[in-house]
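Please look at the structure below.

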Amino acid sequence: MATVQQLLEKFHEVASSPQKQKEYYLKEGKKVVACVPIYTPEEIIHSMGMIPMGTWGADVEVKEAKRYFPAFICSIMQSVLELGINGKYKGVSAIVIPYLCDSLMGLGENWKMAVPDIPFIPMQYPQNRKPEYGIEFTKQAYLRVIRDLENITGAKFSEDNLKKSCDIYNAHNKAMREISSILANHPEISAVNRKDIFKSAYFMEKEEHTRLVNELIALLKAQPKQDNNKIKIVTSGILADSENLLKIIDDNNMQIVADDVAHESRQYRVDVPVDGAPLDNLAKKFSAMDHCSVLYDVDKKRADYIVNLAKQYNAKGVIVILTKFCDPEEYDYPILKGAFDKANLPSTLIEVDRQMVNYEQAKTNIQTFREVLEY
Amino acid sequence: MYTLGIDIGSTTSKCVILEDGSKIIAKSLVQAGTGTDGPERAYNEILDASKLKKEDIAHIVATGYGRAIYTSANADMSELSCHAKGVHFLFPDVRTIIDIGGQDAKVIRLNQQGIIDSFLMNDKCAAGTGRFLDVMANILQISINELEVYASKADNPVKISSTCTVFAESEVISQLAKGVTIENVVAGICESVASRVAALAKRNRVEEKVYMSGGVAQNAGVRNALAKELGTEILFSEYSQYMGALGAAIAAYEKWRKETGGKDHE
């Protein structure tokens, strides 16, 4: 059995080398389908015997994608297109792009022109996802994805296989929720380590990732309780995978005890229902999802959700990591800030993008926040 | 006992020495910031001015952009925390601090105890900072200190609408080409900085009294424009530029007390 350190190294290796993972699966004769944020029906792709790989871009200089996008637009999406144009997704059978924000719609349309050799499959979600007609809309959109996947890859879809995949994904969700919760009691696991555990999930077959995470859970559970003098915080945002930023959090003796990050825990909050037709259940899963800037909610319950999350884990504050030019997150921010202030929950805001090279301002921001929390 | 605070900014280095955490003994300022010999020069200058020796200083705290690489300090603290400490020490009624430095702008809201309630920093952009004023003064071929003199003589300030320093530069040149007076262009530049910083301040909610710290506080053109934008008086003092260093000296005293239990340095 591996040690905690060996497992963390494995997660780090996978999280740092998606290219290597892609090549590995292609060599095994498997087909890989790229899945763009924020929510893509990975279960469908998995059930058709292919590897769904998360495609959240990378910290790269955007050059070629600028031919298709204005400067003031989400850098995650720009970097996805940049990587596509530069051939980093070579060998991928298709890319599924969900239309969950205006910028993603632009990505889909530009992808067709900029990366014609990788077929683009749109995933159109309904704004009103909860009523019966919303669930039916989602199901029809899934059927479109299935049809396109069958046509492009030749793979076949079956409800029986989808049921098996949904079970595998539910088991993975459970493991991810559990590891997140357990890590709150393990200050020795750094913010960078925590990120690797979450990020690696996008580049591995879920069965394998679940196995490794469960192994880590077992090892951590067996360890004696650690003294914890770290400042407990909650993170919120779309993406928080920058090692430079996370190292600043670590250097300031802070511990992420829970998160509201789309790239991390937001993925794992809701399971696919077990009883009933699998594809209907998958649509019902989406209808049951909440507390996310791209999921329409007139009451913006997300704000109280984060406040309660901080209370549940005794966090002293919240770091909002705002992806620049992300309209949904920017619209939510004043509501979140209002809720944090009302609850006397200290918070700070850091704007990030995929092309950040200087973290000096983030360093000053986080150090000040630490000094405020320590006072 | 003496503590020293050093604020190593992007364009200047400032030092303050405090006696027993309560009395300002000396201050120094050198027009050279991080990555230069400015910090050492500011340090040597303040020792000369105070007639103190290195060994007389019980504790040093560094702040500002160069805080982490200044090896002579016992500890470092963020400039926001230091400005809050410095301003609260001299002006305990202040609830909002606007700090416009060479490279960025910050807005800090304090509670009655002088503890930071919330803070905001501007984007990594020269607009709304001292750097913006430097660039503009250079185009107009006047010194930075002359900006406020020109601004005070304006009768019809122009509107500089570009949010980017580079674009604002060409906008200023085009205004000059149109025959607009330097006075009106300078006043427009000051208003442009003030409007950007006021927007940042309003995002963080402005509570009176408002104090302006940082190098740009010396510029009455920006100060007056900011007062107009925010509809409130803007306090400042000869210590505006030293608030970071003063706060660092206070923090040094607090840290020294915590570490030694207040036992005299001797």
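**Interface and cavities**

In chain A, 16 residues are in contact with 20 residues of chain B, contact meaning heavy atoms within 4.5 Å. This is a predicted model, in which local features need pLDDT of at least 70 and side-chain atom pairs count only at pLDDT 80 or more, while totals for chains, interfaces and linings use all residues. Residues are numbered from 1 along each chain as its sequence is written, chains are lettered from A in the order in which they are written, and side-chain values use heavy atoms, with hydrogens and water left out.

Chain A and chain B bury about 1,600 Å² between them, 53% of it on carbon and sulfur atoms; buried area is the accessible area (1.4 Å probe) that two parts lose on being put together, summed over both. A:Q361, A:T364 and A:Y375 supply 32% of the area that chain A buries against chain B, more than any other three residues.

The search for cavities covers the whole structure and finds six of 30 Å³ or more. A cavity is a set of points on a 1 Å grid over the protein atoms alone where a 1.4 Å probe fits but cannot get out, and its lining residues have an atom within 4 Å of a point. Grid points are joined across faces, edges and corners, and a volume is the space filled by probe spheres set on the points.

The largest cavity holds about 310 Å³ of space. Its lining has 24 residues, and A:T40, A:E42, A:E43, A:Q267 and A:K285 lie nearest the centre. The second largest cavity has a volume of about 130 Å³. It is lined by 15 residues, with A:L239, A:D241, A:S242, A:V352 and A:D353 the closest to its centre.

Key:
1 Å grid on protein atoms, 1.4 Å probe; cavity = no way out; pocket = protein on both sides within 12 Å on 5 of 7 lines; lining within 4 Å.
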